[in-house]
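Good morning, and thank you for joining this group meeting.

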Number of protein chains: 2
Amino acid sequence: MTATAQDINLEAFFKISYGLYIVSAGNSSKKSGYISNAVFQVTAEPAQFAVCCSKNNYTASLINENRSFSISVLKRDAAQSLISTFGYKSGKDTDKFSSIKYTTGITGAPIVTEYSLAWFECRLTQTIDVGTHLLFTAEIVNTCLIEDGEPLTYSYYREERKGKAPKNAPTYIDPDKNNEQKSDSEKYKCLLCGHIYDPAEGDPEGRIAPGTDFKDLPESWQCPVCGADKGSFDRV
Amino acid sequence: MTATAQDINLEAFFKISYGLYIVSAGNSSKKSGYISNAVFQVTAEPAQFAVCCSKNNYTASLINENRSFSISVLKRDAAQSLISTFGYKSGKDTDKFSSIKYTTGITGAPIVTEYSLAWFECRLTQTIDVGTHLLFTAEIVNTCLIEDGEPLTYSYYREERKGKAPKNAPTYIDPDKNNEQKSDSEKYKCLLCGHIYDPAEGDPEGRIAPGTDFKDLPESWQCPVCGADKGSFDRV
């Protein structure tokens, strides 16, 4: 038995507390990372974490290939540009590490140190298929507390910084599915850079004709200013 | 390669953000629940959660037997007595539901509604052995938002309410192991009820002789006032 739409109260999901992290993997030639809110400790002896990653994330394949990854705990004031790079772009197309501070761990995994309070380096113990995503469990081989301070939480990001989940996040909510009854011929704002999509103008550079509703933009369409995907826009 | 003590900075672990939940399982004749901070969503379609549970928790066997469980999101001001009952006592010995508000879900699982903002009822999809603990993944079959408000987070519980992780929590830190160099002939305070254990007095009712250091109390020893276990005490 699967829950139907009326069984699921989306507001209830916002009562789950999460931090925001960058999970990175790779080696000297290929590296990537993604923004994750799905990180928790699963055992104390030995210390192990579990993280959840979309099968579509390039980092997922790098974790399985290299059998290691790192978790960087973001500071509350982490720059939006860092979150945007790791949360809304694919590491297949972009070198996410080209202009940020990072170090390399004893496993060879890259570890983001920019805007990070602490990090954990982990060696993969299990990969579990949970459908659209993979759960990775991993033993901690090294930790670092860079500085004390407040970690960025998902509720703070959502409520104070008006951010939303990247499309590949397990907590992503498709705005089209939850607003089916509303008219869609309205302006949408990019939550990352503030760019407004106006259907009356379309997006000439992205070959989108004037008069195209936001909901009719192709799934591959990206914000012409910052590259964020459709899921990063909210109706204004 | 396993991390050695010097690789592990315990302060780094406190930068991971968690909520606090009651995870419950059972049926009309047997039910139990435990306090968990290890809850996250793993997929959106279908909506699935993962929770982590000590193999020593009675609830773990009830989840596997009944193949369902519920997650109640605790309010920030949840009564310490509720946290104490679900976090520091075993459901084998106590009917944790005898004096609290709960409902029964469509799977038969008990769902704690007292001091809860929201709940999720879940049907088990996978049980994954991660060592001392089990990871359960489960599909959400029903949700309820009881009221809006601030959820209790682990950092709030630890910093503002001075609580600590139950002994079976994945994030539990053994105070004896982390203070090996310190003398132990000192008083200890129960973080749940405030009772002071004084080695000079011992615990006559618990058959502990005067002059017994806290570290020499048996692992089965409990706070004579509220029943919390040794792990719930901190040096004063």
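Chain A has 236 residues, of which 55% count as buried, that is, under 20% relative accessible area with a 1.4 Å probe and protein chains only; exposed means over 50%, and partly exposed lies in between. Please note that this is a predicted model, in which local features need pLDDT of at least 70 and side-chain atom pairs count only at pLDDT 80 or more, while totals for chains, interfaces and linings use all residues. Residues are numbered from 1 along each chain as its sequence is written, chains are lettered from A and ligands numbered from 1 in the order in which they are written, and side-chain values use heavy atoms, with hydrogens and water left out.

Let me begin with the fold. Chain A contains four helices and twelve strands; these are DSSP runs numbered from the N terminus, helices being H or I with at least four residues and strands being E with at least two. An automatic or database domain assignment supplies the domain bounds, and it divides chain A into domain 1 (16-159) and domain 2 (175-236). The C-alpha centres of these two domains of chain A are 29 Å apart.

I turn now to the interface. How many residues does the contact take from chain A and from chain B? Each of the two chains contributes 59 residues, where contact means heavy atoms within 4.5 Å. Between them, chain A and chain B bury about 4,900 Å², with 61% of it on carbon and sulfur atoms; buried area is the accessible area, taken with a 1.4 Å probe, that two parts lose on being put together, summed over both.

Across this interface of chain A and chain B there are two salt bridges by the rule, which asks for a side-chain nitrogen of Lys or Arg within 4 Å of a carboxyl oxygen of Asp or Glu. B:Lys15 forms a salt bridge with A:Asp148, and their closest N and O atoms are 2.4 Å apart. On the side of chain A that touches chain B, at least two residues each come from helix H1 (10-13) and from strands E3 (39-44), E4 (47-54), E8 (116-129) and E9 (133-145) of chain A. E9(A) gives the most to that side, with ten residues.

Finally, consider one loop residue. A:Lys215 lies in the loop between strand E11 (196-197) and strand E12 (233-235) of chain A. A:Lys215 counts as partly exposed because its relative accessibility is 41%.
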